[in-house]
Amino acid sequence: MAKSIVQNANATVRLSLSFLCPTMRGLYTLLPPEAEKKCYDLIARYKNLTIKTVHSRKRTLGNYRQCGNGEHLITINDNLSPYTTLVVLIHEIAHLETRLRYGKSVPAHGKEWKQTYTILLKSFIYSNIFPKSIAENIMLHAMKPRATMSKEFIGILNSCNTD
Ligand SMILES: [Zn+2]
C-alpha cells in the first residue's frame with residue numbers, strides 16, 4: 001500500500017496515516033513523532049496484528065495475546081507518555097516475535113523473550129529514536145530486561161517530552 005510522507009517543522013519524517021484503520025491510527029497519536037516511521041516498518045512485518053489503545057488499567061501497561069483464530073492482539077494503555085508507550089509497544093512486539101519463533105512452550109518473560117526485546121530495543125536506540133538524555137538509561141534497561149518496568153524507569157521515560 002502506498003504511503004505518503006510529509007515533513008513537519010522539526011524535519012522529522014511523519015507518515016500520513018490516514019489509510020490506517022482508526023484502531024491502528026490511535027497508536028501513532030501516542031508515540032513520539034521520531035518513532036513513527038520505525039514503528040510503522042516494524043508493525044508492517046507482522047500479518048494479522050491489531051494494536052488497540054485502551055483505557056488505563058491499574059495492573060498492566062500493555063498486553064499481547066494470540067486469539068483463537070490466530071490473530072495477534074496487542075493492547076496498550078492510552079494514558080502513557082510517548083516514550084513509555086514506545087517501550088511498552090516494543091515489549092509487546094517482543095512477545096509476538098517470541099510466539100512466532102518459539103511457539104507457546106517458552107516462558108512469557110524467559111530468555112527467548114529477553115533476547116528478542118534487547119535486540120528490538122537496541123535497534124531503536126541505535127536509530128537515535130530516544131533523546132540523548134535518556135538513551136543511556138534505555139540501554140541499561142535493554143541489557144537487563146525485566147517483565148515489569150520499575151517506577152524509577154517509567155519516571156525517566158516520562159521526563160522526556162516530545163514537543
Ligand atoms: Zn510482558
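Two residues are in contact here if their C-beta atoms, placed from the backbone, lie within 7 Å. This is a predicted model, where local features need pLDDT of at least 70, side-chain atom pairs count only at pLDDT 80 or more, and totals for chains, interfaces and linings use all residues. Residues are numbered from 1 along each chain as its sequence is written.

**View 1. Helix α3 meets helix α6.**
Here Y83, T84 and V87 in α3 touch I154, L157 and N158 in α6. Helices (H or I, at least four residues) and strands (E, at least two) are DSSP runs, numbered from the N terminus. The axes of α3 (residues 82-102) and α6 (residues 151-158) come within 7 Å and cross at roughly 125 degrees, which means that α3 is oblique to α6. Axes are lines fitted to C-alpha atoms, for helices over the stretch in contact, and angles run from 0 to 180 degrees between N-to-C directions. As for the word oblique, angles under 35 degrees count as roughly parallel, over 145 as roughly antiparallel, 65 to 115 as roughly perpendicular and the rest as oblique. Sorted by class, this α3 and α6 contact has four nonpolar, two polar and no charged residues. Ala, Val, Leu, Ile, Met, Phe, Trp, Tyr, Cys and Pro count as nonpolar, Asp, Glu, Lys and Arg as charged, and the others, Gly among them, as polar.

**View 2. Helix α3 meets helix α4.**
Now look at α3 beside α4 (residues 111-126): they pack at an angle of about 130 degrees, with their axes 8 Å apart. That makes α3 oblique to α4. On the α3 side the contact includes I90, I93 and Y102, and on the α4 side W113, L120 and F124 are among the residues taking part. The residues of this α3 and α4 contact split into nine nonpolar, four polar and two charged.

**View 3**
Three strands line up as β3-β5-β4 in an open sheet with mixed pairing. Two strands pair if DSSP finds at least two bridges between them. At the edges sit β3 (49-54) and β4 (62-66), each pairing on one side only. From one strand to the next, the twist averages 15 degrees. Helix α1 (residues 22-30) packs on the sheet and touches β3 and β5, and its direction makes about 60 degrees with that of β3.

**View 4. The hairpin of β4 and β5.**
Strands β4 and β5 (residues 72-77) pair in the antiparallel sense over five bridges. R65 stands opposite L73 in β5. The hairpin has five residues between its two strands, and G70 in the turn has a positive phi of about 90 degrees.

**View 5. K47 in its loop.**
Find K47 in the loop between α2 (36-43) and β3. Is K47 buried or exposed? K47 is exposed, because it has 9 other C-beta atoms within 10 Å. A residue is buried if 20 or more other C-beta atoms lie within 10 Å of its own, exposed if 12 or fewer, and partly exposed in between, with C-beta atoms placed from the backbone. K47 and E71 are 24 residues apart in sequence and 8.2 Å apart in space, C-alpha to C-alpha.
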